[in-house]
Amino acid sequence: MIRPTEVHTRTGYRIWLRYADGVDGEIDLSYLAVKGVFNIWDEPGYLEEVHITSDRAIAWDDDIEFCADALNMQLTGKSVEEVMPGVKQTVQSRDA
C-alpha cells in the first residue's frame with residue numbers, strides 16, 4: 001500500500017506529492033480544469049485546499065478525489081501489478 005505523506009498545489013493546476021517510500025514529483029491536472037466538477041478549481045483559494053484523506057486519497061472535498069495509487073503510477077510509470085501486487089491474480093481467478 002502506497003501512502004502519500006505530503007501534497008501541495010503549484011501554479012497551472014499542478015500538484016506536488018510525496019510518498020512514504022520517497023517518491024515525489026509534480027502532476028499536471030490542467031487537462032481536467034475546464035471539465036465538469038473541476039470548474040470549481042477556478043474559485044479563489046479552492047485549489048489550495050488539497051489534502052490527504054484518512055483513506056489515502058488526494059482530495060479537495062467529497063466531489064473531487066484522486067486515488068493515491070493511480071497518481072503514484074502516473075509519477076513513476078509503474079504498472080498496476082507493480083504498485084498493487086496480486087491484483088492481476090485476483091482478476092484472473094475471478095475469470096477462471
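1. Two bridges link strand 5 (residues 58-59) to strand 6, and the two run antiparallel. Strands here are DSSP runs of E, at least two residues, numbered from the N terminus, and two strands pair if DSSP finds at least two bridges between them. Alanine 59 has glutamate 65 in strand 6 as its bridge partner.

2. Before going on: this is a predicted model, where local features need pLDDT of at least 70, side-chain atom pairs count only at pLDDT 80 or more, and totals for chains, interfaces and linings use all residues. Residues are numbered from 1 along each chain as its sequence is written, and side-chain values use heavy atoms, with hydrogens and water left out.

3. The pair in point 1 belongs to an open, antiparallel sheet of three strands in the order 4-5-6. Its edges are strand 4 (51-52) and strand 6 (65-66), each pairing on one side only.

4. Aspartate 63 sits in the loop between strand 5 and strand 6. Aspartate 63 is exposed, at 59% relative accessible area (exposed is over 50%, 1.4 Å probe, protein chains only).

5. Now the other strands. Strand 1 (residues 4-10) pairs antiparallel with strand 2 (residues 14-19) over six bridges, and histidine 8 is partnered by tryptophan 16. Three residues separate the two strands in their hairpin, and glycine 12 in the turn has a positive phi of about 70 degrees.

6. Strand 2 also pairs antiparallel with strand 3 (residues 24-28), over five bridges; isoleucine 15 has isoleucine 27 as its partner there. This hairpin has four residues between the strands, with glycine 22 at a positive phi near 95 degrees.

Terms used
Buried means under 20% relative accessible area, exposed over 50%, partly exposed in between (1.4 Å probe, protein chains only).
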